[in-house]
Amino acid sequence: MHTRFLTGTSIASVPQISTVWSINDVLETIKVRWSVGRMNYKVETGLYAVGNPTEISPVFVTANFKLTFDHVRRALYGMDAWLLILDTKGINVWCAAGKGTFGTKELSRQIKLVNLDQVVNHRKVIVPQLGAVGVSAHEVKANTGFTVVYGPVRADDIKAFMNAGMKATKEMREVHFSFWDRLKLIPVELAYGKLYLVLVPAVFLIICGLNRKGYSVDLAYQDGLRSVLILLIAYVTGCGITPALLPWIPFRRFALKGLLTGWIAAILLMLFHFLGQGILENISWFLIIGSLSSFLAMNFTGTSTFTSLSGVQKEMKTAVPGQIGMAGLGVILFIVSKFISL
Amino acid sequence: MNGLVYLKNVVTLELDQEKCNGCRMCTIVCPHAVFEIQNKRAVIVNRDLCMECGACEKNCSEKAISVRSGVGCAAGIINGILRGTEPTCDCSGSGSSCC
């Protein structure tokens with residue numbers, strides 16, 4: 001558990017937190033953005049004090065993912081407020097709400113657990129709007145007597161929201177997915193492959209040693225390194241370049257976007273004489289790069305902020321068989337190309 | 001939403017206007033401005049922008065909205081198929097991958 005952000009204790013011995021990030025917070029954020037220790041980055045649940053809150057101070061609710069917690073407390077800079085942290089198992093508000101851990105039950109439980117009705121004399125809790133996926137405002141009201149006020153989507157808008165008398169503009173209510181938003185998420189995408197990032201290139205390296213006369217370690221090294229680099233380019237095209245350029249790539253289906261960028265990458269490689277040696281190997285590479293990039297791009301639906309379950313299911317019905325077929329055929333042709341020169 | 005629109009005519013969102021009491025909650029919780037209030041009743045104005053998150057259904061005290069909510073996530077759907085469950089991301093517990 002992380003506790004370095006504590007600065008003291010407030011009334012009713014509630015821990016008081018800092019609204020400024022330390023160097024450590026910044027370093028940890030970078031680490032987590034790269035997927036390091038991301039699944040165990042939590043803060044203690046319960047009630048915290050920001051500044052010197054009293055019984056009339058607002059109560060903000062958030063998740064116990066430290067990245068989330070850090071953004072919220074930073075947004076509360078200069079305010080006197082209460083911060084109620086729900087147990088979301090270290091997951092952000094939106095994802096946790098989708099799972100129900102950031103939900104009616106946990107919010108009601110925490111309100112009672114910290115005796116919120118004795119801490120404040122008003123009956124309002126400000127819940128991030130994206131928490132509405134798991135929180136039912138009218139049920140929380142029935143359970144606890146507290147009215148749920150949905151705050152803005154982004155913590156950065158909290159101050160403006162409060163200054164406007166707890167009113168969010170249309171802009172504050174909408175989820176965006178800007179170029180910068182997407183860039184911040186790409187490191188986690190790149191880390192997605194994990195063990196496969198070593199295994200798949202290794203298999204290709206071994207295949208590359210095959211030839212008509214038997215096996216050649218020299219050939220495995222020579223052709224293999226090129227193959228590994230091509231695979232890596234396909235990987236980055238699928239889960240790095242495609243997400244970054246998402247709205248500017250034609251097609252609505254993510255799998256098609258990935259296929260297109262993959263093939264563009266393949267064409268570029270061919271122009272620079274870096275793809276296959278002969279037609280057969282080139283065709284195999286188009287199939288392999290296309291399927292890999294398509295699959296990885298399709299996976300970005302989960303990270304994106306606007307894809308529906310029904311839509312992704314529809315897309316996958318044709319995309320997945322296509323990807324498997326292309327990849328299978330591609331690998332077979334690749335092996336065959338080692339024995340037949342066309 | 002410059003270019004960030006997903007497939008057309010796929011979402012399961014339904015609104016029963018007869019039940020709507022005009023409380024505006026759906027316009028507040030929807031992250032993609034799918035609803036608007038017209039003549040004191042909710043209407044769906046941007047159907048194809050719906051991502052089936054389910055926030056509107058959950059916060060409609062009159063049960064006027066229904067949507068089959070879930071994760072719009074290919075990895076989550078594959079996860080569900082492999083485990084024989086609903087589509088789910090591996091966010092909580094011991095899993096190391098996440099949405």
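## Overall shape of chain A

In this predicted model, chain A has a radius of gyration of 26 Å, whereas a compact globule of 342 residues would have one near 20 Å. The C-alpha trace of chain A spans about 85 × 40 × 30 Å along its principal axes.

Chain A is divided into domain 1 (6-173) and domain 2 (179-337). The C-alpha centres of these two domains of chain A lie 40 Å apart.

## Inside chain A

You can find 14 helices and nine strands in chain A. Of its 342 residues, 45% are buried. Among the contacts in chain A with a separation of 6 or more, 67% join residues 24 or more positions apart.

## The nonpolar cores

The largest nonpolar core has 74 residues, and those that touch the most other members are A:Phe60, A:Val61, A:Trp82, A:Leu83, A:Leu84, A:Val125 and B:Cys26. Beyond its neighbours within four places in sequence, A:Val125 is in contact with A:Val59, A:Val61, A:Leu84, A:Ile111, A:Phe146 and A:Val148.

There is also a second, separate core of 39 residues, which includes A:Ala255, A:Ile289, A:Phe295 and B:Ala75. In soluble globular proteins, nonpolar side chains tend to be buried together.

## Where the chains meet

How many residues of chain B are in contact with chain A? There are 40, and they meet 41 residues of chain A. On the chain B side, helix 1 (25-29), helix 2 (55-58) and helix 3 (74-83) are the elements that give two or more residues. Helix 3 of chain B gives the most, with four residues. By type, the chain B side that touches chain A divides into 25 nonpolar, twelve polar and three charged residues.

Note on methods
Residues are numbered from 1 along each chain as its sequence is written. Chains are lettered from A and ligands numbered from 1 in the order in which they are written. This is a predicted model: local features need pLDDT of at least 70, side-chain atom pairs count only at pLDDT 80 or more; totals for chains, interfaces and linings use all residues. Two residues are in contact if their C-beta atoms, placed from the backbone, lie within 7 Å. Ala, Val, Leu, Ile, Met, Phe, Trp, Tyr, Cys and Pro count as nonpolar, Asp, Glu, Lys and Arg as charged, and the others, Gly among them, as polar. A nonpolar core is a set of buried Ala, Val, Leu, Ile, Met, Phe, Trp, Tyr and Cys residues joined through C-beta atoms within 7 Å. A residue is buried if 20 or more other C-beta atoms lie within 10 Å of its own, exposed if 12 or fewer, and partly exposed in between; C-beta atoms are placed from the backbone. Domain bounds come from an automatic or database domain assignment. The radius of gyration is taken over C-alpha atoms; the globule rule is 2.2 Å times the number of residues to the power 0.38.
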